[in-house]
Structure formats: structure tokens, C-alpha cells
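Student: Could you walk me through this structure? I have not looked at it before.

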Amino acid sequence: MPKYLVTGAAGFIGRSITAALLARGEEVRGVDNFITGKRANLTGLDAIEFLEGDLRDPAVCAQACAGVEIIFHEAALASVPRSVADPVATNECCVNATLNLLIAARNAGVRRVIYAGSSSAYGDTPTLPKHEAMSPNPMSPYAVAKLTGEHYMRAFTRVYGLETVVLRYFNVFGPYQDPTSHYSGVLAIFCRKMLAGQQPTIYGDGEQSRDFTYIDNVVHGNLLAAAAPAQNVAGCMMNLATGARITLNQTFAILRDLTGYGGEPEYAAPRAGDIRDSLADIHLAGELLGYQPQVEFREGLRRTVEWYRACARE
Ligand code: UD2
């Protein structure tokens, strides 16, 4: 029986956590409904027990949770603009699915659930960096949905004693992030376009900033969260990021060097629900998990561009 369940195992972050667990020789079950996950992302993960199913269905949650000890809950419908276009779908896939999973986890005697939170919970509060004691201020339906999942995690620790750990991710990027949807993360879109010689679009003036976090840092934080003593982390929420920020205009300039793209970006109207600046205080994850970023932004971006370049050649 696998010890670990990864939800969203065919998605970008779930796939990466699954691969790291397998590399450690762990037994893993993965579940995905392929709404945004890709079958191709399961290539190389043949050793997992894979369940195709949707967590909106309680029966799928029960099957997924049976016998496991630790869950990495990465399944979600990501993207702020997707949630602006269809808030009900975001709510169903982020909130209803999360509640179903928690109920199934409690019923199955799962010990710990580690939840993919989102920096969008902080909203556009002017204070930087964002630290965990700040009041949330969600600006989009996506932010509300991810934040609601956090509240359910904490409530399940308080009421049922399930060990839950919330990791608030800040703009994760890296290999296996889908670059093909206009709901994709900005760096995935820019890498694909610029490598193909196509002009990327910057929404707004490009001076918005993000604490872009390379995927290896997020995987590292999750593995630490799985191993941390319950008295340190159960019922806790902490940022998982690099603690540095960069503007989109600066990022575009670095990508021009890395990809060889010779043009300028196109500028378009800002997106509804967008946040201006985002930067994490990462001290709490340092204290509670011993977390330190492993790969800094430029090196992560270099690896990411090389990965998309290799994909484009295939
Ligand atoms: C939010 C969360 C992030 C994660 C993500 C999931 C914040 C600060 N971050 O990311 O943690 O949960 O949602 O989807 O809330 N942009 C362009 N051109 C493009 C695409 C995007 O200029 O082709 C801009 C976009 O308007 C935004 C920035 O790039 O200002 C980042 O957009 P994103 O969709 O990559 O991520 P974001 O910040 O909404």
C-alpha cells in the first residue's frame, strides 16, 4: 500500500513532488482528472499507482485516501483569470474537492495533509514582504477559493486532529509547467513564445513584481513539511518562496538573453484581479521546517528555458 498520495499528480507541481518521492524510493499513489493535468507528465512515473478520477466525487476521494499516511494536495484549477471567467468551476475544483478530500482523509485515518496554498490570499495589501500574520485580502475568486481551502485545513486539525500543513506558494515556475493555455503561468508562456520567436504580451506596464519560485524549492519545502514533527507544523500555514522579487520587465530582459529573442513585448491592459507586487517573508518556513531556497531565480529560469528548448526540439 502506498504511503503517499499526490493529488494533481499529472499537473506541474504534483508531477514534480511525485518524481522526488519516487527518487527517494517511496511508494506513491497519484490521482488526476486531466482537466489541466497532462498524461504526458506521467511519463517516467510508471512506478506509481495511478488513479484517474475527480476529487469532486467523494467516492474517488475515498479510493484515493485508502491506506495512505501522507497527502500532498496539489490538485486545483489554478489561474486568477480562469476564476474571473468561471468562478463556479474554480470553487468546485478548489473548495468542494478539498473538503471531500479532507473528509475522506479523516475517515481513512490519514495522518497528514500538506496543502498547496496561494500567495494570492494576501491580495494587494501595500506591506512588503507578505508575512503570515497579515490579514488575508483575496482579490479574485481564485484567491478566495485557495484561501477557503486553507481554512478547512486548519479546521480539520482543530476539530478532528488531522495534521494539516499549509504551504503558501508564490508564483511557482519550472519544467513541466504547461505553457500552452492563456491561463498558464507567465514565465511558461513567455519561454514558449520567445523561444519560438513570438512576441509576448505584458498586461499592464510590466512594473508589477513577483517572488517567482523555482519548482525545486517548492518540492524541497513539501518534503520538509512531510517530515517535520507534528508539534511544529500541524495546523500551521507558512509561505514557500524565495524571498526576492523581480518585475515582469526585468524578467523579460533576462529571458531575452536566455532565449535569444530579439523583439520587444507588446503591452496590453492590466488583467482584472491582478496583484501589483508580491514578495514573501520566508522566515517562518525557515523556523518551522528548516527551509532555505535551494535554487535562485536566474538559475531556475536558465534551467526552465533549457527544458522548454529541449521540448521544442522533440
Ligand atoms: C497567482 C498567485 C500564484 C499562484 C497563481 C496560480 C499572486 C501574486 N500569485 O499568480 O501564487 O497561485 O496565481 O495561477 O496572486 N501576465 C502577463 N502576460 C501573460 C500572462 C501573465 O503580463 O501572458 C502577467 C499577469 O497579468 C500578472 C503576472 O504576469 O501580472 C503574473 O501572472 P500569472 O498568471 O503568471 O500569475 P499570478 O501572479 O496571477
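The chat below goes through the ligand site, the cores and a few single residues.

Tutor: This is a predicted model, in which local features need pLDDT of at least 70, side-chain atom pairs count only at pLDDT 80 or more, and totals for chains, interfaces and linings use all residues. Residues are numbered from 1 along each chain as its sequence is written, and side-chain values use heavy atoms, with hydrogens and water left out.

Student: Which residues come nearest to the ligand?

Tutor: Ser 118, Val 186, Thr 201, Arg 210 and Asp 274, out of 24 residues around the ligand. A residue is near a molecule if one of its heavy atoms lies within 4 Å of it.

Student: And what kinds of residues make up the shell around the ligand?

Tutor: Twelve are nonpolar, nine polar and three charged. Here Ala, Val, Leu, Ile, Met, Phe, Trp, Tyr, Cys and Pro count as nonpolar, Asp, Glu, Lys and Arg as charged, and the others, Gly among them, as polar.

Student: How much of the ligand does the protein bury?

Tutor: The protein buries 92% of the 750 Å² that the ligand exposes when taken alone. These areas come from the Shrake-Rupley method with a 1.4 Å probe.

Student: Which elements give two or more residues to that shell?

Tutor: Helix H6 (186-195) and strand E8 (201-203). Helices (H or I, at least four residues) and strands (E, at least two) are DSSP runs, numbered from the N terminus.

Student: Back to Tyr 169. What is it in contact with, leaving aside neighbours within four places in sequence?

Tutor: Among its partners are Ile 13, Ile 17, Glu 74, Ser 118, Val 218 and Leu 240. Contact means heavy atoms within 4.5 Å. Tyr 169 also belongs to the largest nonpolar core, of 63 residues, where Phe 72, Leu 167 and Tyr 169 touch the most other members. Such a core is a set of buried Ala, Val, Leu, Ile, Met, Phe, Trp, Tyr and Cys residues joined through side-chain atoms within 4.5 Å.

Student: New topic. Is Arg 112 buried or exposed?

Tutor: Arg 112 counts as buried because its relative accessibility is 0%. Buried means under 20% relative accessible area, exposed over 50%, and partly exposed in between (1.4 Å probe, protein chains only). Arg 112 is in strand E5 (residues 112-118).

Student: What lies 2.7 Å from polar atoms of its side chain?

Tutor: The backbone oxygen of Ala 225, and likewise the backbone oxygen of Ala 228.

Student: Where is the cis peptide bond?

Tutor: It joins Leu 128 and Pro 129, with omega about -10°. Pro 129 lies in the loop between E5 and helix H5 (141-160).

Student: What about phi of Phe 34?

Tutor: Phi of Phe 34 is near 65°, a positive value in a residue other than glycine. Phe 34 sits in the loop between E2 and strand E3 (49-52), and is buried, with a relative accessible area of 15%.

Student: And where is Tyr 176 found?

Tutor: In the loop between strand E7 (172-173) and H6. Tyr 176 has a positive phi too, about 80°, and is partly exposed at 26% relative accessible area.

How values were computed
Polar contact = N/O pair within 3.5 Å; in protein donor to acceptor, adjacent residues only side chain to side chain.
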